[in-house]
Amino acid sequence: MNSLKCLTISRQHGLLITRNFSTSNLNLANHKCKVLIVGGGGGGTAVGAKLCFKYGAGSVMFLEPSDRHYYQPMFTLIGGGMKKLENSYKSMKSVLPSKAEWKKDRAVAFDPKSNRVETEKGDIIEYDYMVVSTGIELNYHKIPGLVDALENPNSQVVSNYSPKYVTNVFKAFEKFNGGNAIFTFPASPVKCPGAPQKICYIFEHYLRKNHKRNDAKVYYNTALPVIFGVKHYADSLWLVVKNRDINVNLSTNLIEVNSEAKKATFENIVTKERTTTDFGLLHAVPPMSTPSALREHSGDLVNELGFVEVHKHTMQSVRYPNVFAIGDCANSPNSKTAAAVAGQCHVVYRNLVDVMEGKKPSKSYDGYASCPLVTGYNTCILAEFDYNLQPLETFPFDQSKERLSMLIAKKDFMAPLYWYGLANGLWNGPGFIRKALNIFR
Ligand SMILES: Cc1cc2nc3c(=O)[nH]c(=O)nc-3n(C[C@H](O)[C@H](O)[C@H](O)COP(=O)(O)OP(=O)(O)OC[C@H]3O[C@@H](n4cnc5c(N)ncnc54)[C@H](O)[C@@H]3O)c2cc1C
């Protein structure tokens, strides 16, 4: 048995330490890179593509475990039967920048004090600069009964948040034969906070198109105290639900599913009162969190909820100047969307280059996020707003109104913009279009 001086992890404290230990059953190797990008989703890929363009091969390493890169905003349309799952992904290899090195592995611990990350396979990666872009994960297991229900194709319990379950959503629409149809929003941060209600509107329209509306009572049960965080769009959404007889229960959180009995239990967040309801269809959105590597093994890189703590305008870590975060895993108080990633990627890239050149970060992110609130098969409200929850609209008309044009934009233009623009580091959000169209306002 060899006894060598190596690097390993103290999991108790989530910190890397140096100590003597046996290496006989460890696959331990050291890697070094200039910029390490942890997570090759929308945010990581956009920044990585920009860095590779500037610095060329040999400068960027991706740490990313998945073979597939999903364009997740398409999941809403797949759930509604408007797109197919195979339209929503590409191989990770084809999406990550060809000049970057890809380490197909997962971060399990971060040690920002020593500029090191440990991987699931037991390797240590040392970096000069790091961009954290792990996104957030889906915790279906936190709601008792939900995983069993989702795994059972006859349960009428579905969820469009995961590529594993999204194809069952439209099948459940087709199988629905009356009763309560309940759509939920969990008590946690959520990626695309509009998505849990979009699928509800699509279902309600599906019923009307198929002459089944009278058989159903449609509910949107949300743990939030509001229907949508931005008043300008919330006012329109209240009209939509009123006109379409959709019952909205605020502060109402799904806590248990009994798929055998087709019953769901909810808790009122304020009063703690519990109610159990029958359902003919349940669309559940799981609680979400950052991956455990960040939540439990990254020391003071993160806040108490496990999100990377950054300055909200520069996206630079509040404690480690050589670390930036982008996308859903950052604690910047924007709505967690791919549109926000587009608004952040140039800021992260430029500020990182500034730091690498010994300067202060020069670019500022305004909190831009967008949410195409699909309200049926022909209509969409394109919400766009900033940190102050004020509308920041691209087009010179009132985007809080339902429009066919915005649905066409969502269905046919946004995916190409993601694949050919954002993922190649070429799309920084619609700010320049907004400025150009300002003359029509
Ligand atoms: C149903 C649904 C509908 C949506 N609709 C919209 C919409 O209409 N408009 C919109 O703008 N946005 C929408 N979004 C949100 C959008 O998809 C996300 O906000 C966006 O993908 C965030 O990008 P990201 O890079 O932060 O995370 P992701 O794109 O999720 O990428 C994270 C990457 O990190 C990797 N990773 C995870 N853990 C680790 C680890 N420990 N080590 C290394 N790598 C790791 C993952 O494999 C993944 O590749 C929607 C999302 C869903 C699920």
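Modeller: A residue counts as partly exposed when its relative accessible area lies between the buried limit, under 20%, and the exposed limit, over 50%. Keep in mind that this is a predicted model.

Biologist: Fine. Is D412 buried, partly exposed or exposed?

Modeller: D412 has a relative accessible area of 40%, so it is partly exposed.

Biologist: What does the D412 side chain meet in a salt bridge?

Modeller: K83, with N to O at 3.8 Å. K83 is in the loop between α2 (75–79) and β6 (89–91), while D412 is in helix α10 (residues 404–421), so the pair ties together parts 329 residues apart in sequence.

Biologist: How many salt bridges does the count come to?

Modeller: The count is 18 salt bridges.

Biologist: And K263, which residue does it form a salt bridge with?

Modeller: D278, and the closest N and O atoms are 2.7 Å apart. K263 lies in strand β17 and D278 in strand β18 (residues 274–278), so this pair ties together parts that are 15 residues apart in sequence.

Biologist: What about R274, which side chain does it meet?

Modeller: R274 meets E267 in a salt bridge of 3.1 Å, N to O. R274 counts as exposed at 56% relative accessibility, whereas E267 counts as buried at 17%.

Biologist: Which residues do shared partners join into one network?

Modeller: E204, R208, R213 and R244, through salt bridges that share partners.

Biologist: Where is Q156 found?

Modeller: In the loop between α4 (146–151) and β12 (157–158). Q156 is buried, with a relative accessible area of 8%.

Biologist: And the phi of K262, what is that?

Modeller: About 55°, positive, and K262 is not a glycine either. K262 is in the loop between β16 (252–258) and β17 (263–268). At 27% relative accessibility, K262 counts as partly exposed.

Biologist: Last topic, annotation. Which residues does UniProt list for the FAD/NAD(P)-binding domain?

Modeller: The unreviewed UniProt entry lists residues 34–150 under that domain name.

Biologist: What is the helix and strand content there?

Modeller: Over residues 34–150 the chain is 24% helix and 32% strand. The end C-alpha atoms of that stretch are 43 Å apart.

How values were computed. Residues numbered from 1 in each chain as written. Predicted model: local features only at pLDDT ≥ 70, side-chain atom pairs only at ≥ 80, totals over all residues. Heavy atoms only, no water. Helix = DSSP H or I, 4+ residues; strand = E, 2+ residues; numbered from the N terminus. Buried < 20%, exposed > 50% of the residue type's maximum accessible area, 1.4 Å probe, protein only. UniProt positions renumbered as here; feature names shortened; annotations may be inferred. Salt bridge = Lys/Arg side-chain N within 4 Å of Asp/Glu carboxyl O.
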